[in-house]
Amino acid sequence: STGENGSGGGRSGALSSPAITEEVQKIDVNPPKGTRDFPPEEMRLRTWLFRNFREVSRLFGFEEVDFPVLESEALFIRKAGEEIRDQLYCFEDRGNRRVALRPELTPSLARLVIQKGKSVSLPLKWFAVGQCWRYERMTRGRRREHYQWNMDIIGVPEVMAEAELISSIVTFFKRIGITASDVGFKVSSRKVLQEVLRCYSVPESLFGKVCIIIDKIGKIPMDDIKKDLMSAGVSEEAVEELLQVLSIKSLTKLEEILGGAGEAVAELKKLFSLAEKFGYSEWIEFDASIVRGLAYYTGIVFEGFDREGKLRAICGGGRYDRLLSTFGGDDLPACGFGFGDAVIVELLKDRGLLPELSLQVENIVCALDVNLQGAAARVASILREKSQSVELVLESKPLKWVFKRAARINAHKLILVGSSEWQRGMVVVKILSSGEQYEVKLDELE
Ligand SMILES: CC(=O)Nc1cnc2ccccc2c1
């Protein structure tokens, strides 16, 4: 109804007597800007995707954890100029507390690790699948929420942890039909940046900020990158050297420039040799320009990319050895990744790999006349107690309707409850694929 007084919706009958008149305002049935509903078909795809996330996490011995979507704003306040900070979905609650919808899961995980403190044995291997939020001017029409799969290893300082994490993502890709010819991982280490900045005695305090500026390469003009770096306090010659080093695509070249003594080259070589052992060498390549857009990474960083170059990064992660100590926790080494639910679906569509998922109910049970509804309900309960899914026809419907419904739910069997059979303790079972039909005693239903 359009809200005129009297009965809304045009339904007749006692319920909508004119005496009970309330203003019926037609609400906006769409979800808030930048957010999605998940009607059945979309929900089946999401459930399929998350089932694969969880199955891979289980294969790698990770335990599932979760946190509130609402966190203290302080968890995400970092002064490195990150985009995620500009778009924080934050507000003051009724208790005058500054809170935020989480834009990522890692800070919550760090918070929980610290909270659990000594009571957890290391290394911790935790995973989560959670909705993350950003408040972005809708001008860009981008989404304001997405679901992220995160896996994190806490307490392992060596790059074996990063190698394990990349292996888990490769395992995930393989499970859903994505191959090394579809996607790859660009791998680098922020220690490359660190070693260059040290050569030019750029203070460590600028490290996070410099990384965030560097991460914008390819997204904003190079002149702006240089300007931003210099206004952040990096000398012009340091900027030139930095940009030089960042264009290196081979580890041997990097070693020539940085020398073999530094940690950056050593850990990258170690990672590539581990990749060989894990059997995913053809999935990864060194690319010094990869820094990722989160300030807290301190070492190896990586991101999954589509080799056609059409899509944004599929996933990304790295080492963040300082995050827990910046939250006042122990100085625990940590690494992890985030894998969003949006780009991967675009990739699957592009590659024709979206799974065919349909509603599947094994049985449809129908009473052949209205006073057998109770009998039909009993049949449904018996089957359900045997873990058989049942669509119980809830109103008396013509058989034509029942067959149509059976087709829509892809039912395997139609169970008809008729009075003559019921007198003899029997029901009629019809195998819908073959048309074969037979009588079954109630207690032999399986
Ligand atoms: C492609 C896409 O939807 N990205 C996306 C969507 N929502 C977010 C929300 C928070 C943080 C990152 C986000 C990233």
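**Figure 1. Lining of the largest cavity in the predicted model**. Helix α5 (residues 190-199) supplies the largest share of the lining of the largest cavity, namely three residues. The complete lining is formed by Q194, L197, R198, V202, P203, E204 and F207. By class, four of the lining residues are nonpolar, one is polar and two are charged. The volume of this largest cavity is about 30 Å³. When the whole structure is searched, one cavity of 30 Å³ or more is found.

**Figure 2. Contact of helix α5 with helix α8**. The axes of α5 and helix α8 (residues 236-246) come within 10 Å and cross at roughly 155 degrees. Because angles over 145 degrees count as roughly antiparallel, α5 and α8 are roughly antiparallel to each other. Their crossing is right-handed. On the α5 side, the contact is made by V192, L193, V196 and L197, and on the α8 side by E241, L242, V245 and L246. Seven residues of this contact are nonpolar, none is polar and one is charged.

**Figure 3. Contact of helix α1 with helix α4**. The axes of helix α1 (residues 40-59) and helix α4 (residues 160-175) cross at roughly 135 degrees and come within 10 Å. The two helices, α1 and α4, are therefore oblique to each other. The crossing in which α1 passes α4 is right-handed. From α1, the contact involves L49, N52, F53, E55, V56 and L59; from α4, it involves S168, T171, F172 and R175. These residues divide into five nonpolar, three polar and two charged.

**Figure 4. Contact of helix α4 with helix α10**. Helix α4, which also contacts α1, has an axis that comes within 9 Å of the axis of helix α10 (residues 263-278), and the two axes cross at roughly 45 degrees. This angle makes α4 oblique to α10. The crossing of α4 past α10 is right-handed. Residues M160, E162, A163, E164, I166 and S167 of α4 make the contact together with L271, L274 and F278 of α10.

**Figure 5. The cis peptide bond from L122 to P123**. The bond that links L122 to P123 is cis, and its omega is near -5 degrees. P123 lies in the loop between α3 (106-116) and β5 (124-133).

**Figure 6. Backbone of R292, a residue with positive phi**. Although R292 is not a glycine, its phi is positive, at about 65 degrees. R292 is located in the loop between β8 (284-286) and β9 (300-306).

Conventions
Residues are numbered from 1 along each chain as its sequence is written. This is a predicted model: local features need pLDDT of at least 70, side-chain atom pairs count only at pLDDT 80 or more; totals for chains, interfaces and linings use all residues. Side-chain values use heavy atoms; hydrogens and water are left out. Axes are lines fitted to C-alpha atoms, for helices over the stretch in contact, and angles run from 0 to 180 degrees between N-to-C directions. Helices (H or I, at least four residues) and strands (E, at least two) are DSSP runs, numbered from the N terminus. Angles under 35 degrees count as roughly parallel, over 145 as roughly antiparallel, 65 to 115 as roughly perpendicular and the rest as oblique. A crossing is left-handed if the near helix is turned anticlockwise from the far one by less than a right angle, and right-handed if clockwise. Contact means heavy atoms within 4.5 Å. Ala, Val, Leu, Ile, Met, Phe, Trp, Tyr, Cys and Pro count as nonpolar, Asp, Glu, Lys and Arg as charged, and the others, Gly among them, as polar. On a 1 Å grid over the protein atoms alone, a cavity is a set of points where a 1.4 Å probe fits but cannot get out, and a pocket is an open set with protein on both sides within 12 Å along at least five of seven lines; lining residues have an atom within 4 Å of a point. Grid points are joined across faces, edges and corners, and a volume is the space filled by probe spheres set on the points.
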